[in-house]
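Q: I would like to learn how to read a model like this one. Please show it to me, and let us work through its features in turn.

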Amino acid sequence: TIEFRICDTQRSIRKLEMLIALSQALIYQAVIDYKNDTLKERFNMEFLYDGLWKACRFPLSVNMIDPDTNDLSTLLEQINKMITYAKDALIYFDNTHIIDEVNKTCNNGTEADDQISMYNNFGFERLKEYLMDNIEYNIN
């Protein structure tokens with residue numbers, strides 16, 4: 001069983017679709033790699049935790065250690081590596097359009113970035129209004 005605890009926090013259908021499509025593609029590709037005995041399963045947990053912390057706290061240009069190669073990398077390079085890894089599965093499920101949303105998020109920032117900016121510029125009351133008034137219900 002695989003559980004993703006991120007999809008219920010999205011206020012944008014496009015971002016939700018992106019996360020679901022990426023999750024589906026990554027799992028599908030990992031199952032194929034597992035069946036072909038090519039799935040790499042052992043990583044340095046310290047590097048994984050470091051990357052997770054940096055992904056939550058810093059911009060995509062921050063350096064980290066690639067847990068696959070142990071080389072210096074950026075978070076953005078890791079995102080691109082993930083997309084490359086999942087590309088065939090995205091094609092299989094006809095979800096390559098979500099790459100545009102990944103790129104948009106990488107270029108323009110995340111939902112958290114928007115909320116922090118709103119709070120810093122206008123305060124908590126305006127942030128609450130923003131959260132209630134700016135929900136995306138359509139993919140179009």
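Q: Which residues do ring pairs link into a cluster?
A: Ring pairs link Tyr-28, Tyr-92 and Phe-93 into a cluster. Rings of Phe, Tyr and Trp (its six-membered ring) pair if their centres lie within 6.5 Å; planes under 30 degrees apart are stacked, over 60 edge-to-face, and the rest tilted.

Q: What should I know about the model and its values before going on?
A: This is a predicted model: local features need pLDDT of at least 70, side-chain atom pairs count only at pLDDT 80 or more, and totals for chains, interfaces and linings use all residues. Residues are numbered from 1 along each chain as its sequence is written, and side-chain values use heavy atoms, with hydrogens and water left out.

Q: What is the secondary structure of the protein chain?
A: Helices (H or I, at least four residues) and strands (E, at least two) are DSSP runs, numbered from the N terminus. The protein chain has five helices and two strands. Along the sequence the pattern reads α-α-β-β-α-α-α. The C-alpha atoms fill a box of roughly 55 × 35 × 25 Å, taken along the principal axes.

Q: What percentage of the residues in the protein chain is buried?
A: Buried means under 20% relative accessible area, exposed over 50%, partly exposed in between (1.4 Å probe, protein chains only). Of the 140 residues in the protein chain, 26% are buried.

Q: What share of contacts joins residues at least 24 apart?
A: Contact means heavy atoms within 4.5 Å. Take the contacts in the protein chain between residues at least 6 apart in sequence: 47% of them join residues at least 24 apart.

Q: How is an aromatic pair described?
A: By the distance of the centres and the angle of the planes. This structure holds four aromatic pairs. Among them is the pair of Tyr-92 and Phe-93, which is edge-to-face, at 4.9 Å centre to centre and 85 degrees between the planes. Tyr-92 is exposed because its relative accessible area is 55%. Phe-93 has 27%, so it counts as partly exposed.

Q: Which residue forms an aromatic pair with Trp-53?
A: Phe-58 does, and the pair is edge-to-face: 6.4 Å between centres, 90 degrees between planes. Phe-58 lies in the loop between helix 2 and strand 1 (63-65). Its relative accessible area is 36%, so Phe-58 is partly exposed. Apart from neighbours within four places in sequence, Phe-58 is in contact with Trp-53 and Leu-75.

Q: Which residue has its charged end over the ring of Phe-58?
A: A charge sits over a ring if NZ of Lys or CZ of Arg is within 6 Å of the ring centre and within 35 degrees of the ring normal. Here the charged end of Arg-57 sits over the ring of Phe-58, 5.2 Å from its centre.

Q: At roughly what angle do the axes of helix 1 and helix 3 cross?
A: Axes are lines fitted to C-alpha atoms, for helices over the stretch in contact; angles run from 0 to 180 degrees between N-to-C directions. The axes of helix 1 and helix 3 (residues 75-92) come within 8 Å and cross at roughly 95 degrees. Under 35 degrees is roughly parallel, over 145 roughly antiparallel, 65 to 115 roughly perpendicular and the rest oblique. Helix 1 and helix 3 are therefore roughly perpendicular. Residues making the contact include Ala-21, Leu-22 and Tyr-28 of helix 1, and Met-82, Ile-83 and Tyr-92 of helix 3.

Q: How many residues of each class are in this contact?
A: Ala, Val, Leu, Ile, Met, Phe, Trp, Tyr, Cys and Pro count as nonpolar, Asp, Glu, Lys and Arg as charged, and the others, Gly among them, as polar. The contact of helix 1 with helix 3 has 13 nonpolar, one polar and two charged residues.

Q: Is Glu-111 buried or exposed?
A: Glu-111 is buried because its relative accessible area is 17%. Glu-111 is found in helix 5 (residues 111-133). Leaving aside neighbours within four places in sequence, Glu-111 is in contact with Arg-11, Tyr-130 and Leu-131.
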